[in-house]
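Colleague: I have a model open and want to learn how to read it. Can we take it feature by feature?

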Amino acid sequence: MTRFRFPHPLVLLMGFIVLAAALSYVLPAGEFVRRLDAATQRQVVVPGSYHPVPATPVGPLQTLVDVPRGLLDAGAVVFLIFLSGGAFTVVDRTGALRYGVDWLLARAHGREWLVLPLLAAFFATMGALENMGEEIIALVPVLVLLMRRMGYPALTAVAISTGAAAVGAAFSPLNPFQVGVAQKLAQLPALSGGAYRVALLVPALVLWTATTMRHAARYRVVPSAADAAADAEAAEQGPGAGRHGLVLLLMFGVFALFAYGVVRLNWDFDQMSALFLALGIGAGVLGGLGLSGTADGFVAGFRDMAFSAMLVGFARAIFVVLEQGHIVDTLVQALAAPLAHLPVAAAALGMMGVQTALHLPVPSVSGQATLTMPLLVPLADLIGLSRQVVVLAFQYAAGLCELITPTNGALMAMLAACGVGFDEWLRFAGPRYLALLALGAAGVVAAIYLGV
């Protein structure tokens, strides 16, 4: 009996693109009327405005054309991945990364297990503050090296960073791209219900971190003394030997500026990319690589990150095809309409189901909020369901989907960069996702009876 092999990520995403094109021939085309929302400055749908439009099936040639269009649509993210990957390859070639990891492990000797929860807390906090996702890809060289030196599998690097950030974002009391947008569209005060969200964030993060640590310990292979010595020797013999401290200081300064720019200055991907470009040039010069050596490092980084960057564009192409076929709104209308006939608690859980199903074709959480909130909030008012509960249902369902959906370009790129198969990730993340989803569902039902 032949064992089933999970498709290659590109094959999987291309399959979804073809499926989206096929659906444009089967599903009726339709769309909502949209208006500019003054509070969020986003285009939102007008409830009850769904109407049929002429069919625009996406043919085979146009389906292929939509792949480069998806790459163009995700261009800012794609170039962030290229430039951040190039910058960290330059940093790595100076030997500073290995030097820094050696320094950290020397200080944590005998207490290495503390590194994982500290990393999880950091990434969960960044997820809660600014929905960190694609930005983590830049840290792959550091994370993989750190996990390898501690003997943990590469999957641990994804779980403790991207996974923890997704959990923090999904249960966040203030994530501007999830709860922030949704609350504005629901006309709720910013940060309202924050204490209730924190009460669920804590057990969610504990569950994810504890099970990740248990998995890491189970599959840990203690590095041999020879491997550790080889890594240390490589760090000392790098072309930037003796300058590692300056390179690391520059890197941490860039991280601080990065966090300030994203949280306080509302930086977009273009500003982030420029910052990583500056990091790579500065690290190369300080690390003794010279201009040519720095350029070689960038080229090597571009090469290593090419596959990850392409995955983001392929994932975006799925939405491009659905939008071109005018069937995104059809899917929303078909999923949302039956909720009006359900009891209050069942309708709330049904909203979670709708948000979960929609996150596959609409992988942007802020885009999903602008698409669904204007429809579900009036429905909630009619059946006597709290608007805060509607936001909770969206937040937990759509946010947690970031852990498992293959149309999440950041996740697929992170897995590719770390050399972790999507099937391997699903075996790890699937049970934890279901447990967290059950926690979110319980939180939604409890919020109804507590009057949140």
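Modeller: Start with contacts: two residues touch when heavy atoms lie within 4.5 Å. Ser192 touches Gln183, Arg197 and Gln388, leaving out residues up to four places away in sequence.

Colleague: What kind of model is this, and how are residues numbered?

Modeller: This is a predicted model, where local features need pLDDT of at least 70, side-chain atom pairs count only at pLDDT 80 or more, and totals for chains, interfaces and linings use all residues. Residues are numbered from 1 along each chain as its sequence is written, and side-chain values use heavy atoms, with hydrogens and water left out.

Colleague: Where does Ser192 lie?

Modeller: Helices (H or I, at least four residues) and strands (E, at least two) are DSSP runs, numbered from the N terminus. Ser192 sits in the loop between helix 8 (176-185) and helix 9 (194-218).

Colleague: Is Ser192 buried or exposed?

Modeller: Ser192 counts as buried because its relative accessibility is 15%. Leu191 is in the loop between helix 8 and helix 9 too. Leu191 counts as exposed, at 53% relative accessibility. Leu191 also has a positive phi of about 70°, although it is not a glycine.

Colleague: Which residues does Ala369 touch?

Modeller: Leaving out residues up to four places away in sequence, Ala369 touches Val181, Ala182, Leu185, Pro374 and Phe394. Ala369 belongs to helix 16 (residues 365-383). Its relative accessibility is 0%, so Ala369 counts as buried.

Colleague: How should I read a salt bridge?

Modeller: Side chains of opposite charge can pair when their charged atoms come close. The rule here is a side-chain nitrogen of Lys or Arg within 4 Å of a carboxyl oxygen of Asp or Glu. By this rule the count comes to 6 salt bridges. In one of them, the side chains of Arg34 and Asp329 meet at 2.9 Å, N to O. That pair links distant parts of the chain: Arg34 is in strand 2, Asp329 is in helix 14, and they are 295 residues apart.

Colleague: How exposed is Arg34, and how exposed is Asp329?

Modeller: Arg34 is partly exposed, with a relative accessible area of 37%. Asp329 counts as buried, at 5%.

Colleague: What separates Arg427 and Asp423?

Modeller: About one helical turn, because they are 4 residues apart in helix 19 (residues 422-450). Arg427 is exposed, at 54% relative accessible area. Asp423 counts as partly exposed, at 28%.

Colleague: Back to strand 2. How many bridges join it to strand 3?

Modeller: Two strands pair if DSSP finds at least two bridges between them. Here 4 bridges join strand 2 (residues 34-37) to strand 3 (residues 42-45), and the strands run antiparallel. Arg34 has Val45 in strand 3 as its bridge partner. The hairpin has 4 residues between the strands, and Gln41 takes a positive phi near 60° there. Arg35 forms a salt bridge with Asp37, with 3.9 Å between the closest N and O atoms.

Colleague: How do I check the span of a helix?

Modeller: The expected span is 1.5 Å times one less than the number of residues. Helix 5 (residues 115-130) has 16 residues and reaches 23 Å from its first C-alpha to its last, close to the 22 Å expected. Its buried residues include Leu116, Leu119, Phe123 and Glu130. Asn131 follows helix 5, with a positive phi near 60°.

Colleague: Which residues form the nonpolar patch on the surface?

Modeller: Patch residues have over 30% relative accessible area and no salt bridge; like charges are joined within 9 Å, nonpolar side chains (Val, Leu, Ile, Met, Phe, Trp, Tyr) within 5 Å. Accessible areas come from the Shrake-Rupley method with a 1.4 Å probe; for residues, only the protein chains shown count as cover. Leu277, Ile281, Val285 and Leu291 form the patch, with about 370 Å² of accessible area together. Helix 12 (residues 269-286) gives the most, with 3 residues. Leu291 is in helix 13 (residues 290-324). Leu291 counts as exposed, at 68% relative accessibility.

Note on methods
Buried < 20%, exposed > 50% of the residue type's maximum accessible area, 1.4 Å probe, protein only.
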